[in-house]
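Subject: Handover of a protein structure

Dear colleague,

Please find below the structure that I am handing over to you. I would ask you to keep it open while you read the notes that follow.

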Amino acid sequence: MDQFDIIVIGGGSAGSAAAGRLAEDGTRRVCLLEAGGRNNNFLVKTPGFMPFLMKNANYRYETVPQKGLNGRIGYQPRGRGLGGSSAINAMVYIRGAAWDYDNWAGALGCDGWAHEDVLPYFKRSEGNVRGGDAHHGGDGPLSVSDQKWPNPTSLAFVQSAASLQLPENNDFNGPKQEGFGLYQVTQKDGERWSAARAYVEPLRGKPNLDIRTGAQVQRIVIENGRAVGVEVKKGFGTEILRASGGVILSGGAFNSPQLLMLSGIGPGDHLREHGIDVVDDRAAVGSELQDHIDYVSSWETESRDPIGDSMEGNLRMAKAVIEHRRKRTGIMTTPYAESGGFWSVMPDTPSPDIQWHFVPAMLEDHGREKVKGHGFSLHACVLRPESRGTVRLASNRAKDGPVIDPNFLDDDRDIATLRAGIRLSHRIADAPPLSDYAPKDRHRINLDDDAELDELIRNRADPVYHPVGTCRMGPDADSVVDTKLKSRSVDGLWVADASIMPKIVSGNTNAPSIMIGERCADFVKEALN
């Protein structure tokens, strides 16, 4: 039972999609290895319990001190368990701009990755409650739903943007991305619909799919230039699982480069420092780390409409938990990032350069610090950051998390864009009907002073958890994988997750990761036939 056709390392968004598509027709023996658990409990399934998942089902990584953030350490939650980050995220369904993929195919030379090439895979994965059309799929495994119980302030945000002549958009994944509106979410019948629920759980019990949780992979086994299996921790020792067709690595932008380096593929000098034999000296492994840098503006209100920490607010949420357990309806279906928008704040941008996430609650320190009272928060994140960072090994042991250095705000263009985005955030909050809530700025920003605003940004900005690029795809010999996601270092090895993105997409990265997993399954089928 330890001999398979394909082994998939990582049961996250892309890994679930790849494993599910490869196993669904029953012709291949597929083993899916996941270091975490099944993620099948009510905390994961209940959207409104998302803040509690920051402590569970989560690797809880941190960055090294960031020079651009005045030496602060950034928090980097990553999903642990089946579904990966789709089991703990805000469930926002965004693909990015069409320009992103056309740029991959055009300027970056990644043939076959233009928007017209990836759109069929987005549609194939998507089961949108609105049905299928030219831009959407209606019967795919990933359930995409409209929000039925948005907070009044989330609706007010969209109306305030409209009062500034910023257009409403009820489909950010349709003909155009620009505008403001409510987000669609990866939910089904009021519950979170992770990639594992979409692709893996329906196949549980099939004899050709072996799903192993609690399986920490130590390294990829490489023999005569080919990936032939994996070494997995078992008790106080290890065991070898073998794959005749090959291995798909789907650990995400942090764990995929880590495992490649532990397997001897990466910057040679760095590997030798950790006593690892070098299979392929490849500088691109763990390089080109990109993430959306984000600033959260926050306002307090006297109104109890927003979610908040008060006797009234806590009683309302307690009732909402009971309602959701009984009927899967009400406030606990919230993704928290209920509404938002895309707009260009800098000149000569090919597509929107800032994304907003409106949250009907006051946030501090990634939601880990409780804030008394009621209010709302508005995230503004830089969609195409110029700063680049790295992922490196902390040791030669898989159990030790990697060293993460996103190098945030190293490029002055990023802080200039963020500065403009924050100013528009405040213009929207000052416009009716949001202004009717008489919101009080919790951080007293002086919007007219660049230096003062920049200092506040460096003291408070943080990642929005969209790391990509550390195993980049490309047409060049220096890339980590080719345009069919096959490793340039060894045969029989593919990488399928956000780490392969040559440039970050303009939006949330979960849906694109699932698309990448779908595409990888087809590439592997083609290679094995």
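In which loop does Leu409 lie? Leu409 is placed in the loop between strand E22 (403–405) and H11. Helices (H or I, at least four residues) and strands (E, at least two) are DSSP runs, numbered from the N terminus.

Before going further, please note that this is a predicted model, in which local features need pLDDT of at least 70 and side-chain atom pairs count only at pLDDT 80 or more, while totals for chains, interfaces and linings use all residues. Residues are numbered from 1 along each chain as its sequence is written, and side-chain values use heavy atoms, with hydrogens and water left out.

The chain as a whole

The protein chain has 13 helices and 25 strands. Its radius of gyration is 22 Å, close to the 24 Å that the globule rule gives for 529 residues, so the chain is as compact as a globular protein of that length. This radius is taken over C-alpha atoms, and the globule rule is 2.2 Å times the number of residues to the power 0.38. Along its principal axes, the C-alpha trace spans about 70 × 50 × 45 Å.

Of the 529 residues, 62% count as buried. Buried means under 20% relative accessible area, exposed over 50%, and partly exposed in between (1.4 Å probe, protein chains only). Among contacts (heavy atoms within 4.5 Å) with a separation of 6 or more, 70% are accounted for by residues 24 or more positions apart.

Salt bridges

A search of the whole structure finds 35 salt bridges. A salt bridge is a side-chain nitrogen of Lys or Arg within 4 Å of a carboxyl oxygen of Asp or Glu. One of them joins the side chains of Asp2 and Arg212 (2.7 Å, N to O). Asp2 lies in the segment before strand E1 (3–9) and Arg212 in strand E10 (residues 209–213), so the pair ties together parts that are 210 residues apart in sequence. Asp2 is partly exposed, with a relative accessible area of 32%. Both residues also belong to a network of salt bridges that links Asp2, Asp210, Arg212, Lys234 and Glu239.

Two further pairs may be inspected. Arg21 forms a salt bridge with Glu24, and their closest N and O atoms are 3.2 Å apart. Arg21 is buried, at a relative accessible area of 11%, whereas Glu24 is partly exposed, at 39%. The side chains of Asp400 and Arg397 also meet in a salt bridge (2.8 Å, N to O), and Arg397 is partly exposed, with a relative accessible area of 43%.

Backbone features

Most residues other than glycine have a negative phi, and most peptide bonds are trans. Which values of phi are found at Leu409 and Arg60? For Leu409, phi is near 60°, a positive value in a residue other than glycine. Leu409 counts as buried, at 4% relative accessibility. For Arg60, phi is near 55°, which is also positive. Arg60 is found in the loop between helix H3 (50–53) and strand E3 (61–62), and it is partly exposed, with a relative accessible area of 48%.

Finally, the peptide bond from Pro432 to Pro433 is cis, with omega near 5°. Pro433 is located in the loop between helix H11 (412–429) and strand E23 (440–441).

Yours sincerely,
A colleague
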